[in-house]
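Please read them alongside the structure.

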Amino acid sequence: MVDLSVKIGDVEMANPVTPASGAFSWEYADVIDLNRLGGLVAKTICKEPRLGNPTPRMAETEAGIIQSIGLPGKGIKYFIDHIVPEYKKFTPPLIVSVSSETKEEFAELAADLTIPGVDVVECNISCPTRNTTGGNFALQSEHTYEVVSAIRAPTDKPLWAKL
C-alpha cells in the first residue's frame, strides 16, 4: 500500500485530502467514512453569530456559479459547545477556519480555540474578511503580517493562513 501521509509543521495527516471550509460538515459521516480524510476543515466561524449575506447569494455565469454566502454561523460559543464535540468523534485533525473584521477579534478567536479537539487554526484572511480600509487582509503584506502576528500571540496551536 502506498504511504500518502503528510506532515505540515507538527500536524500529521494520513493523507493530503481535506475538504474546503464551507463545503463540508461532520454530518457527511452518514455518507462517507470521515476517518479516511487527512483532515477535517470546519466551516469558517466568526466570534458572534452572523446571518450572512441576503439572498440571492448565487448567480449563474457562463463559467459556472458565483456565490457570496457571507459566512453565516452561530458564533464561537455555539461552535465550541456543539460542533467541536461532533468532530472529536473522528480521528483526522480538526482544522478550524476563523474570520473577523479586526486583528484583535482574530486573536480572541485563536485564544478561544486553544482547547482540546482543535488541532489547527486556519485564519481566513482572503474573502470576505475586511481590514479598516475596506480591502481583504491578504491583499497587502503588512495587513497579513499584522493579523497573523495577532493570532500567533494567544495560541500555541498550528496556524495556517488561507490567502
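1. Two strands count as paired if DSSP finds at least two bridges between them. Helices (H or I, at least four residues) and strands (E, at least two) are DSSP runs, numbered from the N terminus. Strand S3 (residues 40-45) pairs with S6 in the parallel sense, over four bridges. Val41 has Ile95 as its bridge partner in S6.

2. The model is predicted: local features need pLDDT of at least 70, side-chain atom pairs count only at pLDDT 80 or more, and totals for chains, interfaces and linings use all residues. Residues are numbered from 1 along each chain as its sequence is written, and side-chain values use heavy atoms, with hydrogens and water left out.

3. S6 also pairs with strand S7 (residues 120-124), again parallel and over four bridges. Here Val98 stands opposite Cys123 in S7. Together with helix H2 (residues 103-112), S6 and S7 make a β-α-β unit that is right-handed (with the strands pointing away from the viewer, the path from the first strand over the helix to the second runs clockwise).

4. Strand S6 (residues 94-98) is largely enclosed by the rest of the structure, because five of its five residues are buried (under 20% relative accessible area; exposed is over 50%, partly exposed in between; 1.4 Å probe, protein chains only). In a regular strand, side chains alternate between the two faces of the sheet. In S6 both faces are covered, with Leu94, Val96 and Val98 buried on one side and Ile95 and Ser97 on the other.
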